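Okay, thanks for coming, everyone.

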Amino acid sequence: MLNLTHVTKRYGRFEACSDVSFAVEDGQIAVLLGPNGAGKSTLIKCISGLLRFQGHIEICGADNKSLEAKRVLGYVPEMPAIYDMLTVGEHLEFIRRAYRLSDGKEYEEALLERFELTDKRNKLGKELSKGMQQKVSICCALLPRPKVVIFDEPMVGLDPHAIRQLKDTFHQLRQEGCSVLISTHMIDSVEDYWDVCHIMMRGQVAATRRSGETAEQSLEELFFSITEGTEEGKA
Amino acid sequence: MKALWYLTATKLKNQLKSLIRKPARLIYVVFMLAMLGLVLWSGEQLGEIGTFRPMEELTAIAFAVYAIMFLLSVNAGFSRGGSLFNLSDVNLIFTAPIRSQTVLFHGLFQQMTTSLIVGFFLLFQYGTLRGNYGITVFQLIGLLVGYALSIFLGQVTAMVLYAMTSGREQRKLLCRVAIYGAAALFLGYWILCALREGTDQILALGAEAANGSVLRAFPVAGWLAMASSGPLEGSWGLTGAGLALCAVYLGVLLTVIFRGNPDYYEDVLKSAEVTQSAINAKKEGTMTQASPARVKVGRTGLGRGWGAGVFFWKHRLEDRRSKVLLLSANALIFAAVTIAFSFFFSEGGLLSSFLMATYLQVFTVFGGRFNWELTKPYIYLIPEPPMKKLLWALAGQIPTAFWEALVVFVPVGLILELTVVEIAACVVARMSFAMLFTSAGVAVDRLWGSVTSRMLVLVLLLLVTLGLALPGIAAAIAVRILFWEMGSAAVLAALSVCNVLMSLLALFLCRNMLQYAELNQQ
């Protein structure tokens with residue numbers, strides 16, 4: 001479970017995230033929507049422990065900066081986190097060793113196969129296309145079998161096949177009881193599987209909706225109604 | 001034409017405005033200008049005393065530098081053409097109804113400005129050059145203009161070469177063989193002349209050859225060296241001849257561009273795209289470390305390391321793949337420059353060579369693998385104690401620092417006729433500086449990790465580095481004054497001990513850096 005309480009992130013006098021609070025339950029997929037500059041990526045980086053912030057973030061009951069929290073967190077950054085001089089296989093070996101996963105080899109193979117990277121195993125990071133790099137980044141995040149997974153714009157640069165694989169992965173993670181938080185601009189790509197949606201504007205959660213609450217309204221219609229100011233938030 | 005003038009003027013105006021909007025940048029510019037003023041002023045004081053080395057030597061050095069810059073620019077021409085334009089030019093100016101010749105002159109003007117800015121660092125060598133050759137500021141500016149022209153003409157040559165060889169592998173090979181073959185012949189001639197009477201007269205004969213008619217025929221570098229004779233030695237006739245040859249060369253290149261391929265836009269596209277992708281990567285926080293274009297993968301797999309220890313083995317693997325021999329290409333270039341400096345300025349003794357080596361070391365340490373590791377999320381995400389991760393990630397720099405120190409100081413020691421103990425002390429002192437620079441970087445990240453202004457970070461880094469280095473410098477001076485009979489090794493030992501202690505203190509105080517620092521991808 002992921003729990004954010006009064007999270008605020010400032011850069012000097014600029015408040016990128018302001019008093020954000022929400023939770024993502026076990027087995028739940030939450031999407032974070034918002035226009036450019038709304039503070040989604042900043043919030044995601046705060047959750048992942050990459051930025052300092054005020055407030056409190058708990059991952060499976062532990063402070064997000066603690067080792068306990070880091071062990072159960074998976075993070076897929078917006079820009080693929082790839083080392084130029086490591087091969088695809090070595091990226092996964094690096095994660096396996098760093099997370100001390102003594103039995104991760106089989107799952108590593110399964111992930112490579114699922115994302116069609118098996119034949120790219122010996123390719124260097126710098127030789128991969130952006131889409132391929134994103135797939136490696138996703139595999140690295142999933143290899144430690146995290147309980148909370150954060151995706152920041154995960155579908156950018158992916159081909160249709162990889163997008164479908166990723167969607168299947170979201171479903172699988174939900175079935176396994178993981179808490180999944182996805183930040184995205186591509187509203188239609190998350191339309192069919194979200195459980196809860198947080199719409200951010202100017203660093204704040206402007207509205208929160210649960211799937212089923214808005215049967216008469218698509219996620220896209222909801223997004224525009226809130227961001228263009230035709231509906232009051234129900235946070 | 002009006003549009004291009006407007007564009008140039010507006011870009012300049014906005015750059016000036018950004019100095020006011022971004023105080024950090026203004027502070028950096030003021031700081032650099034103040035440093036330059038200090039260098040010029042202290043150089044003036046130095047120049048009042050002593051006798052100077054022959055000016056032919058400086059002309060020979062200028063020739064070598066011009067030749068290197070020219071050949072490096074030309075080499076890029078085979079793979080990506082000249083970098084006269086950026087992607088904004090390609091997208092906005094190339095598609096606008098402006099004559100391609102006018103656009104080319106705009107690109108040339110831009111390139112000349114960039115070349116001059118690139119050469120700005122030469123001005124900081126005033127103290128050394130004034131002390132050794134007694135040159136004036138005017139003469140230094142003459143050298144700077146020559147440097148800028150060597151890059152500028154190299155870029156235009158690169159553009160022509162790309163146009164002539166792009167997609168034609170045989171022609172490309174032929175051009176490569178011709179250019180590098182000619183360069184090798186000139187180099188061979190130079191070496192033979194310098195060694196004509198063994199190693200005794202190597203410097204004087206080498207300088208004489210560089211000022212001779214054969215090496216002055218070397219395209220661009222030789223002509224520019226000839227042109228520099230005016231400001232340096234008062235031979236203004238040679239200056240006129242050198243500049244005239246460069247002007248004719250440029251005229252020929254432009255004629256080839258217009259006659260051979262008036263639609264030259266395609267020839268600069270690749271370079272513009274490469275430049276733009278580097279800028280984008282920097283903005284998006286995906287900076288790629290400078291690495292060889294062709295990497296030999298070799299044996300795959302990390303094979304070792306568990307938990308935080310995996311960073312050390314990962315760095316070893318990355319080092320193996322990104323290095324030419326033992327060191328990176330950059331480290332090898334800096335080592336060669338330091339060795340050449342010791343050779344040409346051996347009268348300066350160990351102190352001046354060590355100072356030069358340490359100055360250049362800044363660039364290899366701060367561009368090291370640890371700093372790149374901080375731009376990736378893994379070092380923050382991996383569930384290991386922050387101090388452990390920090391130490392293992394830093395440990396990867398120790399073997400590199402050791403080999404670098406050996407490669408630099410064994411030849412320098414032989415040139416300066418140092419004892420084995422003194423060479424060993426130099427190696428240890430250099431490694432202590434590697435540790436000190438790294439610790440300064442860690443301290444800046446720990447304390448000001450959220451600062452996104454690169455300029456401000458550079459200023460902070462400089463100040464913290466100076467702060468950490470001061471005790472060592474003070475100790476070295478104290479040992480030199482109090483125990484002067486113990487020699488250089490004792491001075492370097494005192495310096496090393498203080499550097500190591502200060503570095504350890506900084507690392508200890510910043511031990512939780514990876515827990516509280518911010519991922520700063522700027």
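I'll go through chain B, its domains and its interface.

Quick housekeeping: this is a predicted model, so local features need pLDDT of at least 70 and side-chain atom pairs count only at pLDDT 80 or more, while totals for chains, interfaces and linings use all residues. Residues are numbered from 1 along each chain as its sequence is written, with chains lettered from A and ligands numbered from 1 in the order in which they are written.

So, chain B has 25 helices and one strand; those are DSSP runs, H or I of at least four residues for helices, E of at least two for strands, numbered from the N terminus. Of its 522 residues, 39% are buried, meaning 20 or more other C-beta atoms lie within 10 Å of the residue's own, with C-beta atoms placed from the backbone.

Next, the domains, whose bounds come from an automatic or database assignment. Domain 1 of chain B is 2-8 + 20-279, and domain 2 is 304-516. Their C-alpha centres sit 31 Å apart. Nine residues from domain 1 of chain B and seven from domain 2 make the contact, where contact means backbone-placed C-beta atoms within 7 Å. On the domain 1 side, α2(B) brings the largest share, five residues.

Now the neighbour: 31 residues of chain B touch 32 of chain A. Which element of chain B gives the most to that side? That's α15(B), with five residues.

Conventions: A residue is buried if 20 or more other C-beta atoms lie within 10 Å of its own, exposed if 12 or fewer, and partly exposed in between; C-beta atoms are placed from the backbone. Two residues are in contact if their C-beta atoms, placed from the backbone, lie within 7 Å.
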